[in-house]
Amino acid sequence: MSTQVFYFVATLSIIFSLMVIFAKNPIHSVLYLILTFFTFTVHYVLLNAQFLAVVNFIVYMGAIMVLFLFVLMLLNLNNETEPSKSPLIKIVGVIAGCCLVVTLVGSFKAATITSPLILKNPGLGLVENLGKELFGPFLLPFELSSLLLLAAMVGAVLLSKRDEVEI
């Protein structure tokens with residue numbers, strides 16, 4: 001069952017990543033990238049790495065992709081403003097694409113299918129184990145890093161605050 005889910009999600013991941021490349025509209029490309037990251041999150045869940053799945057979901061899909069969308073909408077990309085590409089650049093792109101295809105074909109021919117990996121410790125990758133490590137022997141570095149992040153946040157707020165001019 002899990003191998004079927006893996007192959008289905010892997011196929012979706014490949015399809016969405018190809019749609020990122022071949023989409024004409026940059027906004028659609030970013031949306032396909034979000035879907036690609038979502039399939040990566042499903043892969044992390046299948047690998048029993050829930051913490052990585054949550055971090056991937058929050059950081060990449062939540063923050064970075066929203067930032068990409070914001071920047072693309074701010075740039076207001078139009079076909080009229082895009083400069084035309086020289087034929088030399090197009091030829092180099094075709095050669096690079098052919099090299100990529102040759103590499104992929106060679107790697108698929110060299111790949112062997114093995115049996116699925118069975119973990120000796122089924123609790124590996126769980127958030128509970130990460131919490132035990134962070135709040136056990138690594139409590140002091142964890143708390144110090146939180147204080148450092150708090151100081152950086154306060155410094156960023158103070159630097160961005162405008163000075164009031166007295167009249």
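Q: Why is Ser 29 called buried?
A: In this predicted model, Ser 29 has a relative accessibility of 16%. The cut-off for buried is under 20%, so Ser 29 counts as buried.

Q: Where does Ser 29 sit in the chain's secondary structure?
A: Ser 29 belongs to helix α2, which covers residues 26-46.

Q: What makes the pair Ser 29 and Val 20 a polar contact?
A: A polar atom of the Ser 29 side chain is 2.7 Å from the backbone oxygen of Val 20. A polar contact needs N or O atoms within 3.5 Å, one able to donate a hydrogen and the other to accept it, so 2.7 Å meets the distance part of that test.

Q: Which residues is Ser 29 in contact with, once neighbours within four places in sequence are left aside?
A: Those are Val 20 and Ala 23. Here, contact means heavy atoms within 4.5 Å.

Q: What makes Val 30, Ile 34, Phe 37, Met 61, Met 65, Leu 69 and Leu 72 a nonpolar core?
A: A core of this kind takes buried residues of the nonpolar sort, joined through side-chain atoms within 4.5 Å. These seven residues form the largest nonpolar core. Helices α2 and α3 (50-75) each give two or more residues to this core, and α3 gives the most, with four.

Q: Which residues does Met 65 touch, not counting those up to four places away in sequence?
A: Met 65 touches Val 30, Leu 33, Ile 34, Phe 37 and Tyr 60.

Q: How do you know which classes of residue line the second largest pocket?
A: Go through the lining: Ile 14, Ser 17, Leu 18, Ile 21, Phe 22, Gly 97, Leu 100, Val 101, Leu 104 and Phe 108. Gly counts as polar, so the tally comes to eight nonpolar, two polar and no charged residues. The pocket holds about 340 Å³ of space. Helices α1 (2-22) and α4 (87-110) each supply at least two of the lining residues.

Q: How many helices and strands does the protein chain have?
A: It has six helices and zero strands; from the N terminus on, the elements run α-α-α-α-α-α.

Q: What share of the protein chain counts as buried?
A: Of its 167 residues, 13% do. As for contacts with a separation of 6 or more, 58% are between residues 24 or more positions apart.

Technical notes. Residues are numbered from 1 along each chain as its sequence is written. This is a predicted model: local features need pLDDT of at least 70, side-chain atom pairs count only at pLDDT 80 or more; totals for chains, interfaces and linings use all residues. Side-chain values use heavy atoms; hydrogens and water are left out. Buried means under 20% relative accessible area, exposed over 50%, partly exposed in between (1.4 Å probe, protein chains only). On a 1 Å grid over the protein atoms alone, a cavity is a set of points where a 1.4 Å probe fits but cannot get out, and a pocket is an open set with protein on both sides within 12 Å along at least five of seven lines; lining residues have an atom within 4 Å of a point. Grid points are joined across faces, edges and corners, and a volume is the space filled by probe spheres set on the points.
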